[in-house]
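Subject: Two-chain model, handover and notes

Hello,

The structure is placed below, and my notes on it follow. Please read them with the coordinates open.

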Amino acid sequence: MIFNLFSRRFRSLFVGFIMIHFLTVSAQNSPEKLFKDGNTAYNEGDFTKAVSFYKQTLEMGQHSAPLYFNLGNSYYRLNNVAESIYYFEKAKQLDPDNADIRINSAFAQNMTLDAIEAIPKSQLAQIQQSVFSLFSLATWSRITLLWICLFVVVFIAYLFLKTTEWKRFFFFISLLCLFLFVSSFAISFSINQQQENTQFAILFSNKIDIWSEPNQRGEIQFTLHEGTKIQLLESLDEWNKIRIANGSEGWIKNAEFRSLKD
Amino acid sequence: MIRILASRLLVSLLLLSTFSIQAQVSFDAKVSKKRLGLNERLRVDFVMNENGDNFNPPSFTGFQVVSGPQQAVSRSWVNGVQSFSKTYTYFLTPKLKGKITLDQAQITINGEVYKTSPIIIEVTEAVEKPNDPNNIDYITDENIKLVAEISNSNPYLNEGISVVYKLYFRNPISISDVQELESPSYGDFWSHLIKIGQVRVNTKGVYKGEPYNEVVWRKVVLYPQKTGKLNIEPLTLNLSLSVPSNRRDLFGRRLLTQGQKTISAGRRVINVKSLPKKNQPAGFTGAVGQFDFDVILDKDALKATESFQTTLKVRGNGNLKLFNLPKINVPNTLEVYEPEHKENVKIKLKGMEGTIEDTYTIVPQYKGKYPIPSIQFSYFDPKAKSYKTVRSQDLLVDVFDGPIAADSQKEITNAPKQIIQTADNTFRFILLNTKLSPIKTASFWNSTLFWSLLTFPVVLLLVVYLLKRFVLERTEDSGSKKQREAQRLARKYLSSAKKAFHDQALFYEALERALHNYLKAKLKIETTELSKDKIERLLIDKKVNQQTALNFVAVIENCERARYAPGSSVSIKGDYEKASSIIASIDRQL
């Protein structure tokens, strides 16, 4: 019985391997190759083709900031506002400091119809944001681990040292390491919380009304157009509560939007 | 001489009076004809040559009085002869055929009653050409018509209708002058009078199948602005007419008589339907008719800070002057000025026709591509009885040179509107190299690996600590450890003695008590009552070094001595140290 089970599992694994093999053979393209093909198509001016190459790369489960950037550029060339902004935002998520991405994203932002002035952040929030954005979440978690390891090493050294001066010195160092560990742990934790609780999306609906309540009895507060970045807050049936950069909130019905998270 | 003159005057006066008395009083009834058709009119004049009272007309049985009595008085002096006549005139129409007797009329003149003689009138079958051609009213009624032609008396709101006032007349009437007495005002309508210029007579007009001369007097285009029943006020004209009379001139031609005629037409009620609410498009601004809609850019590629113009144009026929064009919706970084409105509308009888346009001047501030989304224009087509929506094409303006807008995200943190002015800030080319990574990466944070890597050092630390505590310290030099322990104990017991360093008596009392307490704790026996020898033996029994035991006893003795013989030379500090070292050494040996 057990043997049977094992053999079945092995067989499926084997079939899986073969399948993957076939897929790669039939596509005959590595993601890198597709990316290069996309670049060539873009340079030749065939943006639709470029988009399809880049999309294929994405479908293979691979991504990178340049890939999203190139997709955004292709859509910009095709005058597709919402798609272009969406991919530029994706690129920014992966590489926030890239000047090329920022500049072209500004070009795409120019195409949108809505002028939304973001509310200025407080000094404290700015500092917090700049600290949080120093490293990615993964790096922050690694830093957390580094500090705990350092703390342990230094504390053990303190335990085994005989000289009072050295002992005192190592004790202080270990305390410092512990403090740094706690703070980097807290930062990682809140970054994770932030990422899980805030979900941004790009609006794809041509034009949509923002209601004060999730029903038609409320009032229309304002109107948004495609390409606007919105923050999703809650949802009720076909209604979604959103917030935009200037702090205004409201409900949209049956909106087309694409989350920046996945 | 004078007498002769006076007699002559008298004679002449007499003559005059006799003449007047001799004048015959007459009172006659005259009829225009004694034989007439049933559809004709009869004029009856009662004429008298003296003024009378109490005129009593006959009963006119068998006739209907059309008009009258009309009184006419004429008085004249011709060559010193006065003539007078007074006439009562009636117009009658017969009610039945046959011989009808017109009864007597009565009047009292100078106190005497005069009567006319009865007249027998013969009424025959209706004749083809009835009536008296002299009667202007009758002729004008028959031969002049004023008509208001309304194209549609049941239009939709804002659907154009036309009203044409036409004057029809035919022989034998000719019109010499027309005055408008009352011009209609079209209160609930948007109205436009179409200029006609010179009035022309169309001699080949037809009214109710008969040939007439036709004059188009006025043309009006109306657009109802309210729903429901709306009144159109009438048009009233005063006509100066020339009508031929039955008198003829020397050459046998008929003489014309002048007459006035007031005629009015066009009191009408227009029932205006409201536009259907069903399926009304969102952007409907009240346009009714048939239209074309277009958005035109004068250029689609330019430099920043140059201007271009976008024209929203509606062409067609309908209430062009009566609705607003839709608004343009452009990207936020374009500067848009108030539109210039232009109309080129001709108003014809079938309504307004032409184009209206709004021209927006737009100045792009930054380089880039700016889409101008399709604009939607909705109107109601009254012919199809449905709403129609026209969309313009999506347009794109390419601004190929100029500053670029900074990233909005950066703007917030830095100064407002930070614009990068350098020339190389063009739209960037794609990035050619990449390092692809899988999209689905499990988050390292919160993963099992992360937590195990986090707990491992902590566990390690604990293990190391416990090892050190329980394994390493046991193998360590136990002597030194015990020594430390003993010192700690001594310090504990001697702490009260240490506090009394300043007072010798108190110090030694405390020291002695501390030593006894120590033994009590260590040997579990009460030693205060014991002699020093006994203590010494006890200590030795417990395998304490003899020297140490002796020292211990010596310290106790010292204490006693100090207590009972104060002032003896003793060293508080020395005794304290000795006591602590003895306690430590006993402790080690026990």
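Is the crossing of helix 6 of chain B and helix 8 of chain B left-handed or right-handed? The crossing is left-handed, a term that applies if the near helix is turned anticlockwise from the far one by less than a right angle, with right-handed for clockwise.

Before the rest, the conventions. This is a predicted model, in which local features need pLDDT of at least 70 and side-chain atom pairs count only at pLDDT 80 or more, while totals for chains, interfaces and linings use all residues. Residues are numbered from 1 along each chain as its sequence is written, and chains are lettered from A and ligands numbered from 1 in the order in which they are written.

Helix pair in chain B

Helix 6 covers residues 504-523 of chain B and helix 8 covers residues 546-564; their axes are 9 Å apart and the packing angle is about 150°. Axes here are lines fitted to C-alpha atoms, for helices over the stretch in contact, and angles run from 0 to 180 degrees between N-to-C directions. The two helices of chain B are therefore roughly antiparallel to each other (under 35 degrees counts as roughly parallel, over 145 as roughly antiparallel, 65 to 115 as roughly perpendicular and the rest as oblique). On the helix 6 side of chain B, the contact is made by Q504(B), A505(B), Y508(B), E509(B), L511(B), E512(B) and L515(B). Helix 8 of chain B supplies V555(B), I556(B), C559(B), A562(B) and R563(B). Two residues are in contact if their C-beta atoms, placed from the backbone, lie within 7 Å. By class, this contact has 8 nonpolar, 1 polar and 3 charged residues; Ala, Val, Leu, Ile, Met, Phe, Trp, Tyr, Cys and Pro count as nonpolar, Asp, Glu, Lys and Arg as charged, and the others, Gly among them, as polar.

Helix pair in chain A

Helix 8 (residues 137-160) and helix 9 (residues 164-197) of chain A have axes that come within 8 Å and cross at roughly 160°. That makes helix 8 of chain A roughly antiparallel to helix 9 of chain A. Their crossing is left-handed, and the contact has 21 nonpolar, 7 polar and 1 charged residues.

Chain totals

Chain A has 9 helices and 8 strands, and chain B has 9 helices and 31 strands. Helices (H or I, at least four residues) and strands (E, at least two) are DSSP runs, numbered from the N terminus. Of the 262 residues of chain A, 33% count as buried; for the 590 residues of chain B the share is 25%. A residue is buried if 20 or more other C-beta atoms lie within 10 Å of its own, exposed if 12 or fewer, and partly exposed in between, with C-beta atoms placed from the backbone. In chain A, 56% of the contacts with a separation of 6 or more involve residues 24 or more positions apart. In chain B, 71% of contacts between residues at least 6 apart join residues at least 24 apart.

Interface and cores

The interface puts 46 residues of chain A in contact with 46 residues of chain B. Helix 8 of chain A gives the largest share of the chain A side, 10 residues. By class, that side has 24 nonpolar, 17 polar and 5 charged residues.

The largest nonpolar core has 50 residues, of which F69(A) and L203(A) touch the most other members. Such a core is a set of buried Ala, Val, Leu, Ile, Met, Phe, Trp, Tyr and Cys residues joined through C-beta atoms within 7 Å. A second, separate core of 26 residues includes I173(B), L222(B), L241(B) and V243(B).

N158(B) has a positive phi, near 70°, in a residue other than glycine. N158(B) is in the loop between strand 11 (144-150) and strand 12 (161-169) of chain B and counts as buried, with 24 C-beta neighbours inside 10 Å. N279(B) has a positive phi near 60°, and its loop runs between strand 20 (268-272) and strand 21 (289-297) of chain B. N279(B) counts as exposed, with 8 C-beta neighbours inside 10 Å.

G68(B) is found in strand 5 (residues 63-78) of chain B and is partly exposed, with 17 other C-beta atoms within 10 Å. Not counting residues up to four places away in sequence, G68(B) touches T89(B), Y90(B) and F91(B).

Regards
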